[in-house]
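Hi,

Here is the structure I said I'd pass along. Have a look at it first, and my notes follow below.

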Amino acid sequence: MVKKNPSPYDRYIPKSDCKERSLGTGDTFHTVTMMQSWVTAYSNHVKRLAPILKKSTLPATIASIHHFLHSNIAYKADGALQVIKSPACAWATRNTPSSDCKTFSVFASCLLSQMGVPHAIRQVRQPSFHPEKWTHVYVVVPVDQNDRDITGYYYVLDGTVSNNSEVYFLEKKDEFMKLNHIGLAGTDSSSGNTNEETIEEVAEKIQDSAWYNRTFGAVFANGWDFSCFGSSLSPAEAKSNHEIDMPFILENSGIKNNPSVANINKYMLDLDIYILAMQVLQRDKFVECTRDGGQLAEQLLIAFKKVMLGAIGGTLAGQGKELVETGTRQVPGEHRLKNKSGQGGGTFRLDETIIAKVYAIRNFSDPAPRPITTPRPTTTSMPTTPTRPTTSTTPPTKPKPTPPTKPRPSTPSKPTNQGPKPNPPQKAGVGKVVGGLLIAGVAYAAYKSQKNKK
C-alpha cells in the first residue's frame, strides 16, 4: 500500500523537480555502472532519513529499509527505456507506479551508504524470464561485513517484493559499493536539499550575523521602519533583542544536552510566552513604532520556532526518533520568562492563558529478517521457452441434460443473532450456472403441473 501525502518522512527528504535522465536502451546489466554513479552523487538526499531507519542490529536495519521502500514507493517493472531516479525524485513520484528495480536499489544503496554498511548491487539472469538477459537488480548485504566476495551468509534487500526474498537465478554478478568514494557527511547544495540542522548546529550558528540575516532575511524584507524612535520597542530594538535573547533562552532550556520530552515542551512554551509578550505590545494603547516592533519580533519568533522544531527533529533523527505533535493544552496565566535583553526589567510577566502545542517523541521499530545462504545457480528444471498447450484428439461429448426434480417447499429456519458466514471461494461462473439450473427446474416443474391439470 502506497502512502499518500503528507508523509512524516517529507521533512527528511529534499524536494525534487524530478528531471529523469534517460540512459538509452539496453538491459539491466549495462546500467549498473550508472547506478553506482547515482549512489555516489545522490546519497546526500537521504542524509537525514538514514539515521531514522538505522536500527541497533544489521538485520533490523535491513528490515527497516525494506519496509520503508515497499510501503512508500509504488513499483513498476522497467521497459526498454532505462531510467534511474535519485532518492528525492523517487520520493516525489512515490504515489505513481513509475519506479523500477534500479531506482529501488539506488535508494536502498544510498541509505546503506549513509549508514556506512558495506553492500553490493546484484544483477541476475532469471530462468523463467528472458534468461539470455540481465533482467533484475537488487541489493545484498553480507552478514560478515568483511566478506566482499559474499561467499557466506548474506541478507537480501529488494523493496520491489513484499517478502524480501531472493529470486531464482541462472547467473549473478555483484558490484560492491565503495563507501570511501561517497561524501557521507556532505550535502549537495545544488540538489535542493532543505533538510533541517541539528540543535547543536543552530546553537553554534545563531550568533553568526551572516547566518542570522540569511535565515530571517524574508522577515526583515517586509518594509519595516528601523529609524523610528520614542517607543517602548522599535523594530531595530526588536531585531537586536531577538539576537540576544534566542541564544540565552535556548541555552537555559537544556534541550541542547538533553532533548527530552519535558525539556522540548518547556522550551516551546517559553517561545510561546515570548510571542505573547510581543503580541501585547501590538495593542492599541501603544504607539505605532512600538506596535511595529512587537509585530516584527513576533514574526521573528514564529520563524525561529520553525527553525528550532526542525533542529529538534534533526537531532532526534540521529537517535532513530522523531518529534510528533499530539495535541494542545491550556496553560493558565502567571507566566514568568527571563530574558537577557532587559525587556520588562529582565523578566516577562504575563497573566494570560496560552494555548500550547504538546509534543512527544516516537521511536521507529521494525521486524528483522533472517539471513539466507548463498544460492547456487539453478539448473533449469523450469522451461526457458513457453510450451504449447496440448489439444485433445477426440471431440468432447455433448452432455445430456438431466430432468429437474420438483422442488419441495422448505420450512424457513429461525433467524439467529449471528452475522452471515462467509461463503467458501469458488470459481468464476459457478454461481451463475447453479442459479440458472434452479430457475430452469422451477420453470419446468410449473410447466408439467399445468399440463397435468389439462
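Helices (H or I, at least four residues) and strands (E, at least two) are DSSP runs, numbered from the N terminus. This is a predicted model, with local features needing pLDDT of at least 70 and side-chain atom pairs counting only at pLDDT 80 or more, while totals for chains, interfaces and linings use all residues. Residues are numbered from 1 along each chain as its sequence is written, and side-chain values use heavy atoms, leaving out hydrogens and water.

Asn164 first. You'll find Asn164 in the loop between strand S5 (154–157) and strand S6 (171–176). Leaving aside residues up to four places away in sequence, Asn164 touches (heavy atoms within 4.5 Å) Ile62, His66, Val156, Leu157 and Asp158.

Now helix H3. 13 of its 15 residues are buried, so H3 is largely enclosed by the rest of the structure. At the start of H3, a side-chain oxygen of Thr57 comes within 3.3 Å of the backbone nitrogen of Ala60.

As for its partner H5, Thr61, Ile65, Phe68 and Leu69 of H3 meet Phe104, Phe107, Ala108, Leu111, Leu112 and Met115 of H5.

Cheers

Terms used. Buried means under 20% relative accessible area, exposed over 50%, partly exposed in between (1.4 Å probe, protein chains only). A polar contact is a pair of N or O atoms within 3.5 Å; within protein, one must be able to donate a hydrogen and the other to accept it, and residues adjacent in sequence count only if both atoms are side-chain atoms.
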